Amino acid sequence: MVLSCTGDWCARFVERQQSALNFTLLIVVYILYLIIGAGIFSSIELPYEDELRQELRAARLDFLSNNTCVSDERLEELLARALRASNYGVSVLGNDTDRNWDFVSSLFFTSTVLTTTGYGHTVPLSDGGKAFCIFYSLFGIPVTLFFLSTVVQRLMVLVTRRPVSYFHRRWAMSRSKMAAIHATCLGIIMTLFLLIIPAWIFISLEKDWNFLESVYFCFISLTTIGLGDYVPGQTHNKEANPHPQLYRLAITVYLLLGLICILVVMETCCELPQMRTLRQRFYREDVRELDSETAYIIDRDHTSDELTEPSDHVVDPLPVIPSVSDQAASLRQNGNSAPYTLAPGSTFDRRLS
């Protein structure tokens, strides 16, 4: 008896707290995903890091052995200064001709800041620039998010909602299945035009990049990860890049348009009925409040319809009761043609009886 009651209580508790348990499980799975990813990255990248460190030590010792007039301390100071300058986007290679803060480069920087991509290859050098970057981002990032959401919602009507509704009616296919097919086709098209084709273009423009590195740059940039290890237009060969300003401007346009397209694809996937059903497993809506509010709105609309459209609701008119003076005038006109009798069931008739 006790075991059955305990089992029933546990079953009711699990049923009531199903969304909370699913959400807890989601958190645990996400933490495990982070841990597994960290372990995989560490196992893959750590040997390459150790190998690179050994190569740098060997190159340093070789340089010191071939240049005995340079001390180890002076070389350490020079390398540290060069690394600090490189962290601010200033390279010792081709430093006389390359500029990081002309107008087009600054435009590229503002686009990466407002879209939170942030490659990190160009950063403000002065205190005034750092302060303005804080102020500019404080207002610019919310405005950019609002702008992107507005553009995405307008594109969703043209790219997703209308096509799904059209083919749903034309082919008599279920909306959920039609939405899944549309999302798949849209993802394939965006992959082709935002990753594959631009990667082949970058291969021809960036001589040091291969196809994997080009796809890697496109994906990291369009998803606003922006690691900054690959930035186009950083080559110092003027023959390979004869118009660096135009090239940087084209990349800025590509990144903005590509980000909008990526957001459209993500919004399309989020609006799938399957995704909505999956999300409802992790939170519970207050259906009672929603139903009462909906019922109130429906009743109010129904009352408004009755008041504004009386012709649609024909009501039988109530009988008009004549007054005493009207009855007396009617008796004088009729004379003795018809005797006046009390209405049966009236109050006066009951008193006389």
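**Figure 1. A salt bridge joins E49 and R53 within helix α2.** In this predicted model, the side chains of E49 and R53 form a salt bridge, with a distance of 3.0 Å from N to O. Side chains of opposite charge can pair when their charged atoms come close. E49 and R53 are about one helical turn from each other, because they stand four residues apart in helix α2. E49 is partly exposed, with a relative accessible area of 37%, and R53 is also partly exposed, at 45% relative accessibility.

**Figure 2. R60, D72 and E76 form a network of salt bridges.** The closest N and O atoms of R60 and D72 are 2.5 Å apart. R60 is partly exposed, with a relative accessible area of 27%. D72 is partly exposed at 37%, and E76 is partly exposed at 40%. The model contains four salt bridges by the rule applied.

Figure 3. I44 is partly exposed, with a relative accessible area of 43%.

**Figure 4. Y166 and F167 form an edge-to-face ring pair.** A pair of aromatic rings is described by the distance of the centres and the angle of the planes. The count of aromatic pairs in the model comes to 14. In the pair of Y166 and F167, the ring centres are 5.2 Å apart and the planes stand at 75°. Planes over 60 degrees apart count as edge-to-face, and the pair is therefore assigned to that class. Y166 is partly exposed, with a relative accessible area of 40%, and F167 is partly exposed, at 28%.

**Figure 5. Ring pairs link aromatic residues into a cluster, and a charge sits over the ring of F108.** The members of the cluster are F108, Y119, F202, W209, Y216, F217, Y230 and Y254. The charged end of R248 is positioned over the ring of F108, at 5.2 Å from the centre of that ring.

How values were computed: Residues are numbered from 1 along each chain as its sequence is written. This is a predicted model: local features need pLDDT of at least 70, side-chain atom pairs count only at pLDDT 80 or more; totals for chains, interfaces and linings use all residues. Side-chain values use heavy atoms; hydrogens and water are left out. Buried means under 20% relative accessible area, exposed over 50%, partly exposed in between (1.4 Å probe, protein chains only). Rings of Phe, Tyr and Trp (its six-membered ring) pair if their centres lie within 6.5 Å; planes under 30 degrees apart count as stacked, over 60 as edge-to-face and the rest as tilted. A charge sits over a ring if NZ of Lys or CZ of Arg is within 6 Å of the ring centre and within 35 degrees of the ring normal. Helices (H or I, at least four residues) and strands (E, at least two) are DSSP runs, numbered from the N terminus.
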